[in-house]
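Keep the sequence and the structure side by side as you read.

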Amino acid sequence: MRTTPDHRPRARRGVLSRLLAVGASAALAATSLMSAAVPAAADHGGEPDFGPNVFVYDPETPAAEIQAKFDQLFAQQEENEMGTNRYAVLFKPGQYDVNARLGYYTSVAGLGMSPDDVDIRGAVRVVGQSDPDSAAGISALTNFWRSAENLSVTPTDWSNQWAVSQASPMRRVHIRGTLWLEPGNAGYSSGGYIADSKIDGVTINGSQQQWLTRDSELGDAWTNGVWNQVFSGVVGAPEQGFPNPPYTTLPTSPVTREKPFLYIDGSGGYRVFVPGLRRDTSGTTWAGGQRPQGHSLPIRDFFVAKPSDSAAKINQQLSRGKHLLLTPGVYHLDRALRVKNRDTVVLGLGMPSLAPGTGDAALRVDDVDGVRIAGVLVDAGRRESETLVEVGDRHSRRDHSRNPISLQDVFFRIGGPWVGRAETSLVVNSDDTIIDNIWAWRGDHGNGIGWSQNTGDTGVVINGDDVTAYGLFVEHYQKYQTIWNGENGRTIFYQSELPYDPPSQQAWTSPTGKGWASYKVSRGVRAHEAWGLGVYSYFNQNVDIRADRGIEVPKTPGVRFHNMVTVFLDGSGGIERTINDAGTPVVGSYGTSTIVSYP
């Protein structure tokens, strides 16, 4: 999401003003660049070779050295939205004094077993960017592709600011104070995702248009909301209130499995913890210092890949039973990576990109139990791919309910860094798959952008049964954004902008009427349920483009939708109905249409 009208309702400011009065936001002190810390490149003393773009610190490292590295990375990455540099900064257990500002493709993580093993005194923050198109002069609408995981932050300012939009997750983080989610001055923001985290103080939503918080703990108030705020299994969540306030609150999450994470054990060895499957959950996995359910893998069980490694070499290691750890960078692939063995973990450090170049997929996962795919970007190539990531195949029928496949923090792009083309970004054929924070994005800005350049029909197609999705962000594709063919599917939080750039109504007409719905449940589906959905329009070609509906589903009692909103953001045309024939038009000027329950 990128554009929002200046006449949109402003967020309420009472709590923010009160907090600002307590202490003014201090600017980060400029730090002279010192010699860079030695990256984890030399395999000495049992230290894995993570390559030159991973920086590992311990409590003995001078604070000025760590601060200089963060300042250097931020100066390089602050505006490097479509660049190819990728970085990860890792902290061994201990306490650190640092104010870390994160730019694009920068990930920060602790290496403890608990988030409280690493305490950052200062901030791990994302700030707003200058935006001359916004009345506020600042926004977070393009603060994508960065992350914070497995650490605690004790703010030394009045808050820890995390002003992000899509593809910028916060996982396993303990904020020992106030969390501020907007860029300031009511500048626009389009997030966002938090999971397995604890916020001790107030969470200031501010201008955030939508947000998903899953299996976490809020120690104080969550302030206001704009269109769609969803809480699933969150202790201390605000009460159900949609549409005013726009809160969808589920007391528990039906089935979850947290993202694998890198840590250091008591003897100093690197391992990856693989969390176990949980049902009907709420709160964090680490509250009270308990060890989460799951098992641990030594780093020697992983092939630690570099961007220079070929797809053939990586596949050879996978076929031998190795797990895969992708270090930061762009992996140009001449064939798909193939995951064939059950329980394989594919884990990215520092937002690595898989970039197919021959028209093949980037990644194919066989219909086997327990595969985890986490922390990767997938960039379509110039030669069109039928699919970028495929889970299972069209003949998949196995029951994975006891050990499902999961995809977490997997982000797709068609166009942006370069011209890209793919018919479908993600196809899920395997039953029981868990999708946890996906952003599938046909680019609306960057390189290679245009109706006939970065072509993509559909973002996500679900063919498997009993698939559960948390945090499904799908935007700007040229036909349906999401197609759900499987039975007993569940979506908890959905955010989608329709394409900005249809050149004419004739070019953008579906078999069921004007335009293409964003979320499509196929005609034969008998059971499906979804909570907290937002579909938005901004047709910017100065042509009156209409979508007959934002959501299109079969009219059957087993297909149930809760708390939906369609919004006219700007431009021309708009959306006639919210779901099927229900809802009011949002056409020609700013407006919203909300529906609490359908049918």
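Q77 belongs to helix α2, which covers residues 63–77; helices here are DSSP runs of H or I with at least four residues, strands are runs of E with at least two, and both are numbered from the N terminus. The model is a predicted one, in which local features need pLDDT of at least 70, side-chain atom pairs count only at pLDDT 80 or more, and totals for chains, interfaces and linings use all residues. Residues are numbered from 1 along each chain as its sequence is written, and side-chain values use heavy atoms, with hydrogens and water left out.

Is Q77 buried or exposed? Its relative accessible area is 0%, so Q77 is buried; the word stands for under 20% relative accessible area, with exposed meaning over 50% and partly exposed in between (1.4 Å probe, protein chains only). Setting aside residues up to four places away in sequence, Q77 touches N85, Y87, G103, Y104, Y105 and T106, where contact means heavy atoms within 4.5 Å.

Next, have a look at the backbone. Most residues other than glycine have a negative phi, and most peptide bonds are trans. N150 has a positive phi, near 60 degrees, although it is not a glycine. This residue sits in strand β8 (residues 146–155), and N150 counts as buried because its relative accessibility is 1%. A167 also has a positive phi near 60 degrees, but its place is the loop between β9 (160–161) and β10 (170–175). With a relative accessible area of 5%, A167 is buried.

You will find P243 in the loop that runs between β18 (228–232) and β19 (247–250). At Y598 and P599 there is a cis peptide bond too, with omega about 0 degrees, and P599 lies in the segment after β50 (591–598).

Now follow the chain to strand β21 (residues 261–264). In a regular strand the side chains alternate between the two faces of the sheet. In β21, F261 and Y263 point one way while L262 and I264 point the other way, and all of them are buried. β21 pairs with strand β22 (residues 270–275) in the antiparallel sense over 4 bridges; two strands count as paired if DSSP finds at least two bridges between them. Within this pairing, I264 stands opposite Y270 of β22. The hairpin of β21 and β22 has 5 residues between the strands, and there G268 takes a positive phi near 90 degrees.

Staying with β22, P275 lies in this strand and is buried, with a relative accessible area of 6%. P275 and T256 are 19 residues apart in sequence, and their C-alpha atoms are 9.6 Å apart in space. Leaving out neighbours within four places in sequence, the contacts of P275 are R257, E258, K259, P260, Q293, G294 and R372.

Further along comes a sheet with parallel pairing. This open sheet has 8 strands in the order β28-β31-β33-β35-β37-β39-β43-β46. The edges are β28 (337–339) and β46 (551–552), each with a single partner strand, so one side of each is left without a neighbour in the sheet. Inside that order, β39 (residues 482–484) and β43 (residues 519–521) pair in the parallel sense over 3 bridges, with I483 standing opposite K520 in β43.

Finally, step back to the whole chain. Its secondary structure comes to 3 helices and 50 strands. The C-alpha trace spans about 65 × 60 × 45 Å along its principal axes. For 599 residues, a compact globule would have a radius of gyration near 25 Å, and the chain's 22 Å agrees with that; the radius is taken over C-alpha atoms, and the globule rule is 2.2 Å times the number of residues to the power 0.38. Buried residues make up 66% of the 599 residues. Among contacts between residues at least 6 apart in sequence, 65% join residues at least 24 apart.
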